[in-house]
Amino acid sequence: MAGIVTNPKRRNSEAAPRHLTEPAAVRYILIGIALLFLGLIVLLPMVTVIVEAFRKGWAAYIEALSDPDALAALRLTLVTALIAVPLNTIFGLCAAWAITKFKFRGKNLLVTLIDLPFAVSPVISGLIYILLFGAQGFFGPWLQDHGIKIVFATPGIVLATMFVTFPFVARELIPLMETQGVQDEEAAVSLGARGWRVFRKVTLPNIKWGLLYGMILCNARAMGEFGAVSVVSGHIRGETNTLPLHIEILYNEYQFSASFAVSSLLMLLAVLTLLIKSLLENRMSRSHEA
Amino acid sequence: MVLKRRNVFKSTALFVVIALLISVLSACGSGNNNGGNAASGSPSAASGGSSSPSGSPSADSSAKPVPKDVELLNVSYDPTRELYEEFNKSFAAYWKQETGGNVTIKPSHGGSGKQARSVIDGLEADVVTLALAYDIDEIATAGLLDADWQSQFEYNSTPYTSTIVFLVRKGNPKGIKDWGDLIKDGIQVITPNPKTSGGARWNYLAAWGYATKSLGYDDEQAKDFLKKLFKNVPVLDTGARGATTTFVEKGIGDVLLAWENEAYLALKEYGDKFEIVTPSISILAEPPVAVVDKVVDKKGTREVAEAYLKYLYSEEGQEIAAKNFYRPRLQSVADKYKDQFPALNLLTIDNDFGGWKAAHEKHFADGGTFDQIYTPGS
Amino acid sequence: MTALIRKKRRVLPGFRLTTGITVTYLSLIVLIPLAALVVKSADLSPDQWWSTISNPRVVASYRLSLLTALCAGLVNMVFGLLLAWVLVRYKFPGKAIVDGLIDLPFALPTAVAGIALSAIYAPNGWVGSLLEPFGIKVAYTPIGITIALIFIGVPFVVRTVQPVLQDFDKGTEEAAVLLGAYRWRTFRKVILPELVPPLLTGFALAFARGIGEYGSVVFISGNMPLKTEIAPLLIVTKLEQFEYGQAAAVAVVLLVLSFLLLLLINVLQRWSNRRLRTA
C-alpha cells in the first residue's frame, strides 16, 4: 500500500517543506498525471460525443432534442429519477446511521449486501424483476388477474433504476461517517438533545457534502442507466423509452448525430449539477474564511 | 461558527429545493409538450392525410373524430424501423378510410430474441414482426398464440423476404465475389454473433448452404469451412446494426455479411463508399409476422390487428416494403423493383435445413456446430 | 472496549428504526429479486448446472471478466487517489470543471460510453491510429475491455476518497510536520492509513461493477469466444436462446464470486479500521 504514489520526484522533495504542501514541481507533475489520465479515459469520450453531436450543426441538434419522442423519454427519465433518488437517499441515511453508529452482528454482511447491486450485471438487474413480475414470473399470473402492470411499464423501470442506484448514497456516507466517529453525537446526547434533533443539528452538517455527492451520483446514474432498464422497458416508443434507450434507438437508426446530441444532454445535466455544487461549495468556504 | 454552519446548511437546502423544482417543472413542461404532440404529430400516430406517404390513399384530417380509437403495439426487430415507420402511417390512413376509426400503432424495436422474450414475459404486443420463425415459435410455446400460426397468413406468414448479401468497400479491392473468397487468408469478415443475432443465423446458414450445396461438402467439411470463415472474423458484434457500424463507421473488415435491406440502407446512408456483391447462392430469409391471439382477445383488437398484417400483403404494403429494400411477394411490385433485387439461387429454411427447430438444434443450440467451431484447442 | 460499545448503543438513538428500514428496503429491492434468480437457476438439475458453468467458454469468460475488472480496479485505485488528492489539495485553473468531469461515467449511458470509447481506440480512431504503428491494439482486445472498465470505475474511487480527504484533520498532519516528519513520510504514515478504508471501498466497488458491466464493454471487446467474450455477454447469449435456467446459473456464479470478494474486502477494511482506531 505504501507505494501507492510512485512518483520518484517525490523523494527529492523530502527535505523541502515545512508547511503542508508539496513543492511546486511535484504539484504540477501530479496535476499533470492526473489530468492526462482523466483526459484519456473520460474527457476524450466526452469530446467525441460533443463533436458527433454537432456534426450536423445547431439546427439538427435542437431538432434532435425537441423531438416529441425525445421529450417523452426525458420526462420518463426525470420521473424515474424523482422517485428513485429520494427513496434511495432515505435508505442511504438509515443504512449509514445504523452501520456507523452502532455495533452489531452481521455488519459486514449487511455492508456487502448493500454493495451487491454494483456487482450485479445490469442484464441481471433487469432480469430479476422479469422473473418476479413478468407474465411467466412468480407474481405474474396474480398481477395479470388484477390488471396491474409492473414490467414493461413505468413501475418496472423505476424498480430497476432503484436497484441499480441502490448503494450510491449509503456508499458515499459510510466511509465519511466512519472517519467522523460518534463523539459529536454522543456529546449532543449527553447535553440532552434527542433523536431527530441530534441527526439534524449534529450529524447532518457534518455529512451534508457527502450526502449531496451521493444524491448527485445517484441521480446521474439513475438518469443514465441503460442495461437494466432496457430489459424491463419493452422499448415502446414515446411510452416506455428512457433517454438512454432513446439514444440507442437513434443510434440504431443511423441517426448518429441525433443520438449523440441526446447523450450530450445527459452529460450536460451531470456536469451542470456538479458545477453548481462546486460553486456553492467554493462560495461557502470563502464566506467561511471571511 | 454555529451560525455559519447554519448558513451553509441553508444554502444547501435551498440548492436542493431549487434543483428539485427545476426538474419537476421541466418534467411537467415536457409532459405537456408530449401530450400535445401525441395527439397531432408523433410519427406513429394517425396524423391524417397531409403527412402520409404519397402512395397511400389520402384521408380527410378534418373529419369528425370517430369514437372508435384503437391502439396497436407492434413488437418488431431492429432493421424494420424505417419500414414500419412508413407502413404505420399508411395503414392508419387506410384504416381511417375503410372504417372511419383512428388507429395508433406504437412501435417497439430491439433484437429479435429479446423482443420475443419480452412478449413472453408480458409485453402486450398485438402483433409481432420478428426476424425468425423460431422466435415466434417460442411465443407459441408459451401459449400466447397457436402452434400453427405460420399458416394464418399467406406465404408462411412472411409478407416480405430478404436474403444475405456481401457489402464490400468501393471498387471491391479484395476481389470478393462469392462465399469461397471469405475463407482466404488476409480477408477480414464482419458478421454478428449467431448466438445473439437473428440476422447472423441467416448468415451462418447461407454459408453452410454454400458449403453443402455448391461445394457438395458433408457436415464435417462444412463445419471446417465455417471454422475457416470464422477465423477471419475479427469482431463478433451482438447485433446486425452493431456489425454494420463496425464495418461502416470504424472501417474494420473487408466484407460485411448483411441482410440485403441492411446493405441497401448502408448504401443509402453512406453513398458511394461501399458496394453490394451478390453471391452465387444465398438463403431466403423469411421474417414472419403473427397476431398474438391472447393479447388481441383480451384487448379486443383482433380485427384491426389482422387487417394490419393483411395490409402488408396489399399493393401499398408491398410497395412500402420494396421501397425499404425488402423483397416483395406480390408479383406486380416485384416486377417493378426487379433491378433492385437480382435473382439468385436461394435456399429455404424449410426445404434445405428441415425447418427452424432442426436448424437451431444442429447449429445454434449449446454444443451445436457453431459452438464446436469455438471449442478450445481447435 | 466492549463496555464502551454497550454504552454507545444505549446512548445514540435510532438503532431499531434505521436497521429496520435498512433491512426491509434491502430485502424488497435487492434480496427478494436476487433470490428469484437463484430459484430460477434451480430449474436445472445439478448435472446441467455443473455442465453449464464448467463449459470451457464460460470458464474463460469468468477468467476474463475477473482479470480485466481486477486490472481496472487497481489502475483506478492508483489514479483515483491521485485525482482525489489533486482535486482536494491543489488549486489550478478549471478545477471545478475537472471535478465535474469525474462523475461523467455515471451519467453517460453505458452504451454511449462504449460507442465513444470504441470510436477512439479503434484502429482508425484518434488514439487507436496513434498506437497502431507500434503494433499496439486496444479495441477488440482485453486491453480495450480494461479501458472501458476503467472508465466505468473512475468515479468510484475518487468519490469515496475525496470526502474523507476533504474532512481530513489538518491538525494531525501539522503535528507530524512539526515533529519533523518529511512530506512523503507524513503522507505514508499519517494520511494514507486514513485513506485505506475509502480506497479499499472504492476499489471494491469499481471491481465489482467491472465484473458485471455489459453495455460499454460489448462495443469495444470484439466478443470473440474464449478470447474477449465477457461473462455478462454469455448470460445474454443464453437468454437469447430462451435458456433462462442456464442464464441464471451463469449469473448466480458471477454473483456469488463478486459477493465473496466484496465480503472479503469489507472484512479487511473493517479490520484495518479497527486496528487503526485502537493503535
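Predicted model: local features only at pLDDT ≥ 70, side-chain atom pairs only at ≥ 80, totals over all residues.
Residues are numbered from 1 along each chain as its sequence is written, chains are lettered from A and ligands numbered from 1 in the order in which they are written, and side-chain values use heavy atoms, with hydrogens and water left out.

Salt bridges were assigned where a side-chain nitrogen of Lys or Arg lies within 4 Å of a carboxyl oxygen of Asp or Glu. By this rule, 35 salt bridges were counted over all chains. One of them joins B:Glu86 to B:Lys323, with an N to O distance of 3.0 Å. This pair links distant parts of the chain, 237 residues apart: B:Glu86 belongs to helix 2 (residues 81–99) of chain B, and B:Lys323 to helix 12 (residues 315–323) of chain B. Helices (H or I, at least four residues) and strands (E, at least two) are DSSP runs, numbered from the N terminus. B:Lys323, at a relative accessible area of 35%, is partly exposed.

A salt bridge is also formed by B:Lys299 and B:Asp126, whose closest N and O atoms are 3.1 Å apart. This pair too links distant parts of the chain, 173 residues apart, with B:Lys299 in helix 10 (residues 293–299) of chain B and B:Asp126 in the loop between helix 3 (112–120) and strand 3 (127–129) of chain B. B:Lys299 is partly exposed at 37% relative accessibility, while B:Asp126 is buried with a relative accessible area of 0%.

An α-helix has 3.6 residues a turn, so residues three or four places apart point the same way. B:Arg302 is partly exposed at 28% relative accessibility, and B:Glu306 is partly exposed at 25%. Elsewhere, a network of salt bridges links B:Lys195, B:Asp366 and B:Asp371 with C:Arg57, C:Glu229 and C:Lys238.

Several elements of chain B are mostly covered. In strand 1 (residues 69–77) of chain B, seven of nine residues are buried. Strands were taken to pair if DSSP finds at least two bridges between them. Strand 1 of chain B runs parallel to strand 2 (residues 102–110) of chain B, and nine bridges join the two; B:Val70 stands opposite B:Val103 of strand 2. In strand 8 (residues 281–285) of chain B, five of five residues are buried. Strand 8 of chain B is joined by two bridges to strand 4 (residues 160–169) of chain B in the antiparallel sense, and B:Leu284 is the bridge partner of B:Thr163. With strand 11 (residues 345–347) of chain B, strand 8 pairs in the parallel sense over three bridges, where B:Ile281 is partnered by B:Asn345.

Helix 9 (residues 260–270) of chain B has eight of its eleven residues buried, among them B:Glu260, B:Tyr264, B:Leu265 and B:Tyr270. Just after this helix, B:Gly271 takes a positive phi of about 60°.

A nonpolar core was defined as a set of buried Ala, Val, Leu, Ile, Met, Phe, Trp, Tyr and Cys residues joined through side-chain atoms within 4.5 Å. The largest such core has 306 residues, of which B:Phe91, B:Val128, B:Trp179, B:Phe230, B:Trp356 and C:Leu37 touch the most other members. Helix 11 (residues 183–212) of chain C supplies the largest share of this core, 16 residues.

A:Val51 lies in helix 2 (residues 24–53) of chain A and is partly exposed at 38% relative accessibility.

How values were computed: Buried < 20%, exposed > 50% of the residue type's maximum accessible area, 1.4 Å probe, protein only.
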